[in-house]
Amino acid sequence: MNRPAIILLSGGLDSATVLAIAREAGYACHALSLDYGQRHNAELAAAARVARSLGAIEHRVVRLGLGDFGGSALTDDSIAVPENPTEGIPVTYVPARNTVMLALALAWAEVLGARDIFIGVNAVDYSGYPDCRPEFIAAFEHMANLATRAGVEGEKLRIHAPLQYLSKAHIIQRGIALGVGYAQTVSCYQADPDGGACGVCDACRLRRQGFEQAGIADPTIYKQSRI
């Protein structure tokens, strides 16, 4: 196939799996990461490792200061990352992050002549973020085909969310089958500069439970063992 595709790559477990899925499907994968001022910027180093190991054609990092607005525990040091499950949309939600990321991917796709964008959102084992829902992905795809030269000239753009309905355990099993090295990834919301995981945030909890339910050894070193 070798058609170009844009893969949104955070450096976490889900996006690494999506890159492997796109590669296995035969796409020429152009990985895109966003440096948005996240406190866990060790994930950007993880994204570079994953892009290399899974054979991305190139990997670009766009610097965009969503931290200038704040409003999220991931971009504002004055807001604590929750260490226990919470009700409703958690404070780790970054306002409009996936919308911004997809818009940037869309711009690069038009430049490359790509008609496919991959994103690792999930609506099963996730933190309840509104921009991870199937309705959002469908709406963005519709908008993309209204807002671009490719779309109005009849070249349909597709937003692929292959993990949308998979549990974390199934995602991990799929990734292992495709050769993903999960030790290279960083999921923790408050990872240290070396990628060490706190073990108590929502991302750590979902990751650890996923490995346990998949029956696969978790390569992550957690500072705390509580789920």
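Student: How do you know that the span of helix α3 agrees with its 16 residues?

Tutor: This is a predicted model, so the check is on computed positions. Helix α3 covers residues 97-112. At 1.5 Å a residue, it should span 22 Å. Its end C-alpha atoms are 23 Å apart, which agrees.

Student: Which residues of α3 are buried?

Tutor: Among them are Arg 97, Met 101, Leu 106 and Trp 108. The cover over the buried residues of α3 includes β1, β2, β3, β4, α4 and β5. Just after α3, Gly 113 takes a positive phi of about 75 degrees.

Student: Why is Leu 157 called buried?

Tutor: Its relative accessible area is 2%. Buried means under 20%, so the word applies.

Student: Where is Leu 157, and what does it touch?

Tutor: Leu 157 sits in the loop between α5 and β5. Not counting residues up to four places away in sequence, it touches Leu 106, Ala 114 and Glu 141, among others.

Student: Why is Val 186 called buried?

Tutor: Val 186 has a relative accessible area of 4%. The cut-off is under 20%, so Val 186 is buried. It lies in the loop between α6 and α7. Leaving aside neighbours within four places in sequence, its contacts include Gly 11, Gly 12 and Arg 207.

Student: How far apart are Val 186 and Gly 12 in sequence and in space?

Tutor: They are 174 residues apart in sequence. C-alpha to C-alpha, they are 4.9 Å apart in space.

Student: Why is Ala 96 called partly exposed?

Tutor: Its relative accessible area is 35%. Buried is under 20% and exposed is over 50%, so Ala 96 falls in between. Ala 96 lies in the loop between β3 and α3. It has a positive phi of about 65 degrees, although it is not a glycine.

Student: What makes β3 and β5 the edge strands of the sheet?

Tutor: The sheet is open, with five strands in the order β3-β2-β1-β4-β5 and parallel pairing. β3 and β5 each pair on one side only, and that makes them the edge strands. Neighbouring strands are turned by 25 degrees against each other on average, direction ignored.

Student: How do you know that β1 and β2 pair?

Tutor: Five bridges join β1 to β2. Pairing takes at least two bridges, so these strands pair. Pro 4 stands opposite Ala 28 in β2.

Student: Which strands does helix α1 touch?

Tutor: Helix α1 packs on the sheet and touches β1, β2 and β4. Its direction makes about 170 degrees with that of β1. Helix α2 lies across β2 and β3, running at about 175 degrees to β2.

How values were computed: Residues numbered from 1 in each chain as written. Predicted model: local features only at pLDDT ≥ 70, side-chain atom pairs only at ≥ 80, totals over all residues. Heavy atoms only, no water. Helix = DSSP H or I, 4+ residues; strand = E, 2+ residues; numbered from the N terminus. Expected span 1.5 Å × (residues − 1). Buried < 20%, exposed > 50% of the residue type's maximum accessible area, 1.4 Å probe, protein only. Contact = heavy atoms within 4.5 Å. Axes fitted to C-alpha atoms, helices over the stretch in contact; angles between N-to-C directions.
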